[in-house]
Amino acid sequence: MLAVMLIGPACKQTRYTADKLPEKLLRWGSGGGVVGKEKSWILLENGQIFATDIMGKTTESNKVSGKKAKSLFKTAEALGIAKMEFNHPGNLYYFLEWQNGDMVSRIVWGDKNLPVDKSVEALYNDLNALLK
């Protein structure tokens with residue numbers, strides 16, 4: 001019984017707020033068009049999801065299992081998102097960002113003549129599926 005009491009608090013995951021996010025996160029979203037503003041979401045490894053509206057206000061919006069979130073982070077790492085360079089927006093554009101501390105890598109696509117790799121698009125779609 002004592003072991004359960006000691007282990008329980010150690011397993012509790014940290015909850016973050018919009019103004020105190022961890023160093024490592026995945027951000028994705030879209031922008032452009034007539035208004036030219038971005039809408040984005042942030043996934044944390046613990047499964048918390050934050051939304052940033054077109055006015056730049058970030059609020060917590062959703063939560064998925066930590067297991068699902070970690071799986072998406074592993075996919076992003078396996079794809080090499082942190083080192084990938086791709087910046088070909090169209091009038092409407094989509095993006096994925098990998099952030100770890102001060103290091104931010106952003107992939108942008110939307111130009112119909114220069115499509116992004118299908119694996120990147122699949123990760124983007126998997127992230128959007130978390131919002132449903």
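Predicted model: local features only at pLDDT ≥ 70, side-chain atom pairs only at ≥ 80, totals over all residues.
Q: What angle does helix 2 make with strand 1?
A: Helix 2 runs at about 75° to strand 1. Axes are lines fitted to C-alpha atoms (for helices, over the stretch in contact), and angles run from 0 to 180 degrees between N-to-C directions.

Q: How do you know what to call a helix or a strand here?
A: Both are DSSP runs, numbered from the N terminus: helices are H or I with at least four residues, strands are E with at least two. By that rule the protein chain has 3 helices and 7 strands, and reading along it gives α-β-β-β-β-α-β-β-β-α.

Q: What makes two strands a pair?
A: DSSP has to find at least two bridges between them. Strand 1 (residues 24-32) and strand 6 (residues 92-100) have 9 bridges in the antiparallel sense, so they count as paired. Within that pairing, Arg27 stands opposite Glu97 in strand 6.

Q: What do strand 6 and strand 7 form?
A: A hairpin, with 2 residues between the strands. They run antiparallel, joined by 7 bridges, and Asn100 has Met103 of strand 7 as its bridge partner. Gly101, in the turn, has a positive phi of about 70°.

Q: What is the strand order of the open sheet?
A: The order is 4-3-2-1-6-7-5, with mixed pairing among the 7 strands. Strand 4 and strand 5 (86-88) are the edge strands, as each pairs on one side only. On average, neighbouring strands of this sheet are turned by 25° against each other, direction ignored.

Q: Why does Pro22 count as buried?
A: Buried means under 20% relative accessible area, exposed means over 50%, and partly exposed is in between (1.4 Å probe, protein chains only). Pro22 comes in at 18%, so it counts as buried. Pro22 sits in the loop between helix 1 (2-11) and strand 1. Leaving aside neighbours within four places in sequence, Pro22 is in contact with Tyr16 and Leu44.

Q: Why is Met55 called exposed?
A: Its relative accessible area is 70%, and exposed needs over 50%, so Met55 qualifies. Met55 is in the loop between strand 3 (48-52) and strand 4 (58-63).

Q: Which residues make the nonpolar surface patch?
A: Val34, Val35, Ile54 and Met55, covering about 500 Å². Patch residues have over 30% relative accessible area and no salt bridge; nonpolar side chains (Val, Leu, Ile, Met, Phe, Trp, Tyr) are joined within 5 Å, like charges within 9 Å. A salt bridge is a side-chain nitrogen of Lys or Arg within 4 Å of a carboxyl oxygen of Asp or Glu. Areas come from the Shrake-Rupley method with a 1.4 Å probe, and for residues only the protein chains shown count as cover.

Note on methods: Residues numbered from 1 in each chain as written. Heavy atoms only, no water. Contact = heavy atoms within 4.5 Å.
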